[in-house]
Number of protein chains: 2
Amino acid sequence: MTTTSIIGFIAALLTTASFLPQAFKTIRSKNTQGLSLFMYVIFSSGVFLWLVYGIRIGDMPVIIANAVTLVFALIILGYKIRYK
Amino acid sequence: MTTTSIIGFIAALLTTASFLPQAFKTIRSKNTQGLSLFMYVIFSSGVFLWLVYGIRIGDMPVIIANAVTLVFALIILGYKIRYK
């Protein structure tokens, strides 16, 4: 693996890791009152497009980071819509 | 500009846009109590490494999205450390 790939995977690990505790907390508590539905739709759409972009340029760090984030973002978005 | 580049720039615009309202709110209020210092250090480090990664692979959407996010993340991190 090249140095560049390693930097990309560490970057992916760090930004995804910083998102997960809040995501787990929200999913466990089902409390989405502090989240803006509009902002979460924008965020989830952005993460989805990053995933599409990563697939199109064949970039694994971009694909993995955004695939993992998208799963949790969509779960939270579902809760936000269901429990609002 | 290719379709892939356009997708990348829209992705960059959306995820950055979804981060900015919270960033502006935090910067205006200087209230960083709701933020975890540890998580913010992880997030900022990740965004920094994404920027390095973007520069190394020469990818403009990755560079721009993470450069903009890093500026605001570092301002908030500075507030967090100063006003904690």
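**Interface and symmetry of chains A and B**

Of the interface residues of chain B, 100% are also interface residues in chain A, so the copies meet through the same surface. The structure described here is a predicted model. Chain B contributes 29 residues to the contact, and chain A likewise contributes 29 residues.

The relation between the copies was examined by superposition. Chain B is brought onto chain A by a rotation of 180° with 0.0 Å of shift along the axis, at an RMSD of 0.0 Å. This is the relation of a two-fold axis. Within chain B, the C-alpha nearest the axis belongs to Val62(B), at a distance of 4.6 Å.

The size of an interface is often expressed as the accessible area that is lost when the parts come together. For chain B and chain A, the buried area is about 2,400 Å², and carbon and sulfur atoms give 78% of this area. Polar contact between chain B and chain A amounts to 8 residue pairs, with both residues at pLDDT 80 or more. At least two residues of the side of chain B that touches chain A are supplied by each of helix H1 (3-29), helix H2 (37-57) and helix H3 (60-82) of chain B. H1(B) provides the largest share of that side, with 13 residues. By residue class, the side of chain B that touches chain A comprises 19 nonpolar, 8 polar and 2 charged residues. Across the interface of chain B and chain A, 0 salt bridges are found.

Two individual residues were also considered, one from each chain. Thr26(B) is located in helix H1 of chain B. Its relative accessibility is 4%, and Thr26(B) therefore counts as buried, the cut-off being under 20%. The side chain of Thr26(B) reaches the backbone oxygen of Gln22(B) at 2.9 Å. When residues up to four places away in sequence are not counted, Thr26(B) touches Asn31(B), Thr32(B), Leu35(B), Ile76(B) and Tyr79(B).

Met1(A), by contrast, is situated in the segment before helix H1 (3-29) of chain A. With a relative accessibility of 75%, Met1(A) counts as exposed, because the cut-off for this class is over 50%. Leaving aside neighbours within four places in sequence, Met1(A) is in contact with Ile6(A) and Phe9(A). Between Met1(A) and Arg56(A), the separation is 55 residues in sequence and 21 Å in space, taken from C-alpha to C-alpha.

Terms used. Residues numbered from 1 in each chain as written. Chains lettered and ligands numbered in written order. Predicted model: local features only at pLDDT ≥ 70, side-chain atom pairs only at ≥ 80, totals over all residues. Heavy atoms only, no water. Contact = heavy atoms within 4.5 Å. Buried area = accessible area lost by both parts, 1.4 Å probe. Salt bridge = Lys/Arg side-chain N within 4 Å of Asp/Glu carboxyl O. Polar contact = N/O pair within 3.5 Å; in protein donor to acceptor, adjacent residues only side chain to side chain. Helix = DSSP H or I, 4+ residues; strand = E, 2+ residues; numbered from the N terminus. Nonpolar A, V, L, I, M, F, W, Y, C, P; charged D, E, K, R; others polar. Least-squares fit on C-alpha atoms with pLDDT ≥ 70 in both. Buried < 20%, exposed > 50% of the residue type's maximum accessible area, 1.4 Å probe, protein only.
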